[in-house]
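Subject: A structure to look at

Hello,

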Amino acid sequence: MLGALLTALLMVLPLAGPGTNHAVDDPFTSERTSWYRDARFGMFIHFGAYSHLEGEYKRSDGSTCQDAEWIFNKCKIPVGEYEKLVKNFNPAQFDPKAIVGTAKAAGQKYIVITSKHHDGYAMWPTKVNKWSLRDHSSFDKSRDVLKELKAEADRQGIKFGLYYSTWDWHDPDARSTANFSRYKARMRAQLVELMDNYDPALLWFDGDWDTNNPANPWTKQDGAELESFLRSASPDMLINNRISKRAPGVKERRVVDGDFGTPEQTFPSAPIEGQLWESCMTIPTKWGYAKWDTKLKDSKTLTRNLIDISSRSGNYLLNVGPDKLGRIPAGEADRLRAMGSWLGSHGSAVYGAGASGWVADPAWGAVSQKGDKVYLSVYDWANSLHLKVLENFDVLSARVLGSPQTVSVTKAGDGFDVKPSGAKTNDVASVIELTVRGEQAAPVGTGTGLAAEYFPTANWTGTPVRRVEPSINFAWRFDGSPATTIGPDNFSARWSGFVQPRFSDTYTFTTVSDDLAKVWVDGKLVVDASAPHQVRLDKGTIALQAGRKYAIKVEFAETKGEAFMKLNWSSPNLSQQVVPSEQLYTN
Ligand code: H79
């Protein structure tokens, strides 16, 4: 939490400039993100002034227009009219115990609630304006739904996060390039209120697209400045990638913004490379409450989504839309309880488990791995289930969770045939747990990093700044650079030394770079991203022996604009991470 003085200081001090690296750690491995990497399942809550309209706007001509959290915008409601319509918003039955209890019963480990959606309406008693649940509603003025929910989440041991839309349809300065800095100051003041009052474990930004309806002057620079401010203010907080801005016509979000990616209403068919990720989805079609939005996904589909997502090392942020009185609709709560019931007896396949580098994704279900356990979540039960193996391992034992039946595992073709002796135990997914033994890792290395040279030119000339660099994980963004004596543009870097793998594997080296990057391992050019580019992911593979040291050389050059450079590796035995300092040596 921020003291008032510290806040004031942070708001005036530059957190930037030459010598600044905005990358705080490796989100794939840091202690900071470990709760989030293990959690796998969270509750999204869309609750705001729009909830009061229940998804319907009756125009003065008698016609109706339907939408939900977008109703103000999509139904083109005049601002004064929207303000009048929500004046009687009174979610008197908002019950934090019931909501957190529903999340707990669902097996969800965190909650993310809208503090301010695109309509700009603050769900807490903000001092920044009067457009809030406290000052523009018929709700009990002594209540604060965010405070109540945070307190209850703490009591029930569930992490608490806040959604905040940078795009704002209500504040006139938010669509004005000329006055945008005034809006940004108010936004920052609101975010400080949120951090001071509710100490969120996570901030979930939204509204990163380029649009003129209304205009969204937010820029990538704004996102970079805000991210750096928030990191200083609350170093452990997780931040999503929508804190940045997408350029006109750009569909994909970048892996260099925030801590995690945010596919929406969909999830990828394989782990995302370069960043943690979380798919957010709805149970009906809309996020906010709409009384007509009654066709809900069934709990089997939702549970399998969670299984598929966690088998790809992602999180599932599943939304509920409380009604105008603040109650989670019964159909949504039912679905969540059903998911919790499956998780109660099969949660070990989900929590803390992730993609297995050892086996291929099967057609009959999904596979996840956690340490020496491999979980086969079987959707289409059969007498014999084939597992295609990508990396040799032994199966020491096998069982069906919640069933005394035996399971035989025999080598067959490109992997194993797994044969359970009895019937499926569950219609959603039956889980076969394999206890496995793979290659023993070589001991953790004793390295301290690579020898780094940072040049004040983009072509590795001039007098370099030299130091030992623990790892290659840099977000210099717009203003930063490798050293105070080097400007934010036109510089280059060379890192050299030795890299020591802990497994005998085919390793994939991946760079996330802007601008150019090259990686040589054992004299072989593994990554060549030498054509100028924006933020890009490039990779190459090389077979390495555990414990041996291989020469490594990495080059980077930056001419203009933003600068990023990250060196990750992965192998069948090792999920993606920044190459850690212990495995890097200067000689
Ligand atoms: O809060 C929920 C949604 O209300 C919000 N994100 C989730 C978590 C969301 N709103 N819109 N979208 C997601 C989809 C984006 C639609 C867009 Fe467009 C189409 C953005 C750019 C093209 C609409 C049309 C907005 C600008 C033009």
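To begin with the overall layout, the C-alpha centres of domain 1 and domain 3 lie 36 Å apart. The protein chain is divided into domain 1 (24-349), domain 2 (365-437) and domain 3 (450-585), with bounds that come from an automatic or database domain assignment.

Before the details, please note that this is a predicted model, in which local features need pLDDT of at least 70 and side-chain atom pairs count only at pLDDT 80 or more, while totals for chains, interfaces and linings use all residues. Residues are numbered from 1 along each chain as its sequence is written, and side-chain values use heavy atoms, with hydrogens and water left out.

Where domain 1 meets domain 3

Here 17 residues of domain 1 are in contact with 14 residues of domain 3 (contact means heavy atoms within 4.5 Å). About 1300 Å² is buried between these two domains, and carbon and sulfur atoms give 54% of that area. Buried area is the accessible area (1.4 Å probe) that two parts lose on being put together, summed over both. On the domain 1 side, Phe 28, Val 256 and Glu 273 supply 36% of the area buried against domain 3, more than any other three residues.

The rule finds 5 salt bridges across this interface, a salt bridge being a side-chain nitrogen of Lys or Arg within 4 Å of a carboxyl oxygen of Asp or Glu. Arg 254 forms a salt bridge with Glu 562, and their closest N and O atoms are 3.0 Å apart.

The sheets

Helices (H or I, at least four residues) and strands (E, at least two) are DSSP runs, numbered from the N terminus, and two strands pair if DSSP finds at least two bridges between them.

An open sheet of 8 strands has the order E7-E6-E5-E4-E1-E10-E9-E8, with parallel pairing. Its edge strands, each pairing on one side only, are E7 (238-239) and E8 (260-261). E8 is joined to E9 (residues 276-281) by 2 bridges, and Gly 261 stands opposite Trp 277 in E9. Helix H6 (residues 145-155) packs on this sheet and touches E1 (41-45), E4 (110-116) and E5 (159-165); its direction makes about 150° with that of E5. For such angles, axes are lines fitted to C-alpha atoms, for helices over the stretch in contact, and angles run from 0 to 180 degrees between N-to-C directions. Helix H10 (residues 330-346) lies across E1 and E10 (315-320), running at about 150° to E10.

Another open sheet has 4 strands in the order E11-E12-E17-E14, and its pairing is antiparallel. E11 (365-370) and E14 (394-400) are the edge strands, and the twist averages 20° from one strand to the next. E11 and E12 (residues 373-378) pair over 6 bridges; there, Ser 377 in E12 is the bridge partner of Ala 366.

A hairpin and some backbone details

E23 (residues 516-521) and E24 (residues 524-529) pair in the antiparallel sense over 5 bridges. They form a hairpin with 2 residues between them, and Asp 522 in the turn has a positive phi of about 55°. Trp 520 stands opposite Leu 525 in E24.

Most residues other than glycine have a negative phi, and most peptide bonds are trans. Even so, a cis peptide bond joins Asn 213 and Pro 214, with omega about -10°. The bond from Asp 514 to Asp 515 is also cis, with omega near 20°. Trp 460 has a positive phi, near 60°, and is found in the loop between E18 (450-455) and E19 (465-469).

Best wishes
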